[in-house]
Amino acid sequence: MITTTGLTKVYQSRGREVTALDGVDLHVREGEVYGVIGQSGAGKSSLIRCVNLLERPTAGTVTVAGQDLTALAGRGRRAGKELREARSRIGMVFQHFNLLASRTVQGNIELPLEILGVSGQARTRKALELLDLVGLADKAKSYPGQLSGGQKQRVGIARALAGEPKVLLSDEATSALDPETTRSILQLLRDLNQELGLTVLLITHEMDVVKTICDSAALMRNGRVVESGTVTGLLATPGSELAHELFPVGGTASGPDRTVVDVTFHGEAAARPVISQLSRTYNIDISILGAAMDTVGGNQIGRMRIELPGRFEENVVPIGFLREQGLQAEVVDGEPAGPAGIPAQTPAPHSKEVAK
Ligand SMILES: Nc1ncnc2c1ncn2[C@@H]1O[C@H](COP(=O)(O)OP(=O)(O)OP(=O)(O)O)[C@@H](O)[C@H]1O
Ligand SMILES: [Mg+2]
């Protein structure tokens, strides 16, 4: 639904060049909620503004619903007719809502429809229908100043949906909200995604947002995507930074002759007593150093950091047992052997290597 290739944005700022995007390839599938996460300055807002051509990329292409937006003329307020039309099919939600204080809630939602030239009656009908959809049917005549933050964001979302977009872009839509309101807005986005088949590309700096509603995620750093994929795929990827941040399991080895393994449980494997089976089968004492369990995209996923006595070489078989059980086992400490069983020359203290 959204594809960017080699997307690059260089700002000219006081005679200096700032590279905000440095060759971003993004692939968002139809009907998914895709989260882009990264620290301040990573280039997240630049990315979203380039995706709907509010900013003209310095290089690269943006394709939304099969249409190459970068081939259309103009940008921002000076966008040509074709680009304006294409943009009206991309909804945008902002961190600070960007509502007009002088217009009623209904008036705010009608605004994009006025710009599209929709007649008065049809506008009203559409606005009231959208207010109902976001759970604010009784606030049509209120002004933004009379609403809570969460209600304002619901209006922002209704307005974004006025042009019946296939794609919704959200830049930190919940950053200005308290945790409980955040949850309700995320739930609304998820419902809209499922009921309307809306593809959602959202920007956040909170891992919790990714965990709660995203099917896929990308991690940005210094204008680049350093990791991306489906959340479940990332959790099954050895050494994935996002997986470690989604499920931080602390704990370090209690002594030198120990192997520390991160075990990831998916679906039904989460319910099986694998650790006690491992202990019984190989007659070894297992210490649990840390654990986290959560629901990701409706699936139960758990992560556990365990410690086995002995070094990696002595634990190849028990680790193999875990993998046979359909679990992912990643050795995080214990001087694992290098490829083909050759011990690594300079074993890093926390090198990550998958048990083969
Ligand atoms: N209009 C601009 N002119 C010059 N530099 C800019 C402009 N917009 C952004 N930048 C720079 O580009 C880089 C990326 O900024 P961007 O706003 O995309 O980051 P972000 O990931 O959204 O950060 P935040 O989490 O703080 O919103 C930063 O170094 C920023 O200073
Ligand atoms: Mg930003």
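Student: How many salt bridges does the count come to?
Tutor: The model is predicted: local features need pLDDT of at least 70, side-chain atom pairs count only at pLDDT 80 or more, and totals for chains, interfaces and linings use all residues. Side-chain values use heavy atoms, without hydrogens and water; residues are numbered from 1 along each chain as its sequence is written, and chains are lettered from A and ligands numbered from 1 in the order in which they are written. A salt bridge is a side-chain nitrogen of Lys or Arg within 4 Å of a carboxyl oxygen of Asp or Glu. By this rule the count of salt bridges is 15.

Student: Which helix holds both Glu85 and Lys81?
Tutor: The side chains of Glu85 and Lys81 form a salt bridge, at 3.3 Å from N to O. The two residues are four apart, about one turn of the helix. Helices (H or I, at least four residues) and strands (E, at least two) are DSSP runs, numbered from the N terminus. The run covering residues 81-88, and with it both Glu85 and Lys81, is helix α2.

Student: Which strands stand at the edges of the four-stranded sheet?
Tutor: This open sheet has the order β2-β1-β4-β5, with antiparallel pairing. Two strands pair if DSSP finds at least two bridges between them. Each edge strand has a single partner strand, so one side of each is left without a neighbour in the sheet; the edge strands are β2 (16-28) and β5 (67-68).

Student: How many bridges join β1 to β2?
Tutor: β1 and β2 form a hairpin with two residues between them, and Arg14 in the turn has a positive phi of about 45 degrees. Across this pair, Thr4 stands opposite Leu26 in β2. The strands run antiparallel, and the number of bridges joining them is 10.

Student: Which residue of β4 is the bridge partner of Thr3?
Tutor: Strand β1 (residues 2-13) and strand β4 (residues 59-64) run antiparallel and are joined by five bridges. Ile2 stands opposite Val64 in β4. For Thr3, the bridge partner in β4 is Thr63.

Student: Which residue in the turn between β4 and β5 has a positive phi?
Tutor: β4 and β5 pair in the antiparallel sense over two bridges, and Val64 stands opposite Gln67 in β5. The two strands form a hairpin with two residues between them. The turn residue with a positive phi, about 50 degrees, is Ala65.

Student: Which residue of β9 is the bridge partner of Gly35?
Tutor: Six strands form an open sheet of mixed pairing in the order β6-β7-β8-β3-β9-β10. Its edge strands, β6 (90-94) and β10 (224-230), each pair on one side only. Within the sheet, strand β3 (residues 33-38) runs parallel to strand β9 (residues 216-221), with five bridges joining them. The partner of Gly35 in β9 is Ala217.

Student: Are α5 and α6 roughly parallel or roughly antiparallel to each other?
Tutor: The axes of helix α5 (residues 149-160) and helix α6 (residues 179-196) come within 10 Å and cross at roughly 20 degrees; these axes are lines fitted to C-alpha atoms over the stretch in contact, with angles from 0 to 180 degrees between N-to-C directions. The contact (heavy atoms within 4.5 Å) involves residues including Gly150, Gln153, Arg154 and Ile157 of α5 and Leu188, Leu189 and Leu192 of α6. Angles under 35 degrees count as roughly parallel, over 145 as roughly antiparallel, 65 to 115 as roughly perpendicular and the rest as oblique. The two helices are therefore roughly parallel.
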